[in-house]
Amino acid sequence: MTERLTLADSARAVELLRAGELVALPTETVYGLFGLARDEKVLERVFNVKKRTFDHALNLNISSFQELQEFSKNHPKYLEKLYNKFMPGSLTMILEASVSVPKRVNNGMKTVGFRVPAHPVTLEILRQTGPLVGPSANLTGHPSPKTAQDVLRDLDGQIAAILTDDAAISGCDSTIVSLTGSRPEILRQGVITLEEINEVIKNDF
C-alpha cells in the first residue's frame with residue numbers, strides 16, 4: 001500500500017526518495033511523481049509505473065540557479081533574469097543539456113526541461129535530495145492529478161508514498177518556454193505569457 005503522508009511528514013518523504021523510492025508530491029500545478037534524477041533504476045521505474053514509453057523525455061526539478069547552470073549549457077544572457085523573476089513558479093525552461101544530464105532523463109535529446117516547483121515543502125525536499133524527475137503522478141494518457149485520490153486511483157501500491165496537500169493544487173499547466181533560439185518560444189501556453197517573459201528581457205536584445 002502507498003503511504004499517505006501529511007506536510008509534517010516531509011522528512012519521511014526525503015528518506016524514501018533518498019532510498020530510491022518514488023513519491024508523489026504536490027506542486028502549485030498538479031501532483032508530480034518524484035524520484036532521484038541520477039539513479040538509472042529509479043528513472044526506469046518512473047517510466048514503468050506511468051506506463052510511459054522511453055522516447056518521452058523527463059524534466060529535471062531543481063532548487064537553485066546553480067543546478068540550472070550545472071545541467072545546461074549555451075545559456076542566453078538573460079537566463080538569470082528569467083530565473084529570478086519566475087522561479088520558483090509555473091514555468092518550465094527548455095535549455096541545451098549539459099553532459100551532467102543523465103541519459104535516461106532526456107533520452108538522447110539535445111535539450112532538457114527545468115522546473116522549480118513553488119510548493120514550499122516540495123521545494124525544501126528538493127534542497128535535501130538534489131535534482132528529481134517529477135512528471136505528473138498519473139498513468140500516461142489519464143488526466144493530470146489534482147487530488148491525492150486522483151493519484152491513488154492510478155498509482156496506489158505502485159509508489160512508496162504520497163505527500164498530500166490538495167489545497168495547494170491549482171490544476172493550471174506550467175508554461176513551457178524554449179530558450180534555445182534567438183528569442184524565447186512558447187511550446188505550451190500556461191499561466192505565464194510570452195508578453196510577461198519578453199517584458200523581463202526587453203533590454204537584452
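Of the 205 residues of the protein, 52% count as buried (under 20% relative accessible area, with exposed meaning over 50% and partly exposed in between; 1.4 Å probe, protein chains only). The model is predicted, and local features need pLDDT of at least 70, side-chain atom pairs count only at pLDDT 80 or more, and totals for chains, interfaces and linings use all residues. Residues are numbered from 1 along each chain as its sequence is written, and side-chain values use heavy atoms, with hydrogens and water left out.

The protein contains eight helices and 11 strands (DSSP runs numbered from the N terminus: H or I of at least four residues for helices, E of at least two for strands). Its C-alpha trace spans about 55 × 35 × 30 Å along the principal axes.

In helix α4 (residues 79–86), Leu79, Leu82, Tyr83 and Phe86 are buried. These residues lie on the same side of α4, because they cover an arc of only 100° around the axis (taken from the directions from the helix axis to the C-beta atoms). Asn84 and Lys85, on the other side of α4, are exposed. The buried residues of α4 pack against α3 (65–70), β6 (91–97) and α8 (contact means heavy atoms within 4.5 Å).

Asp204 is located in the segment after α8 (194–201). Its relative accessibility is 13%, so Asp204 counts as buried. Leaving aside neighbours within four places in sequence, Asp204 is in contact with Lys77, Tyr78 and Lys81.
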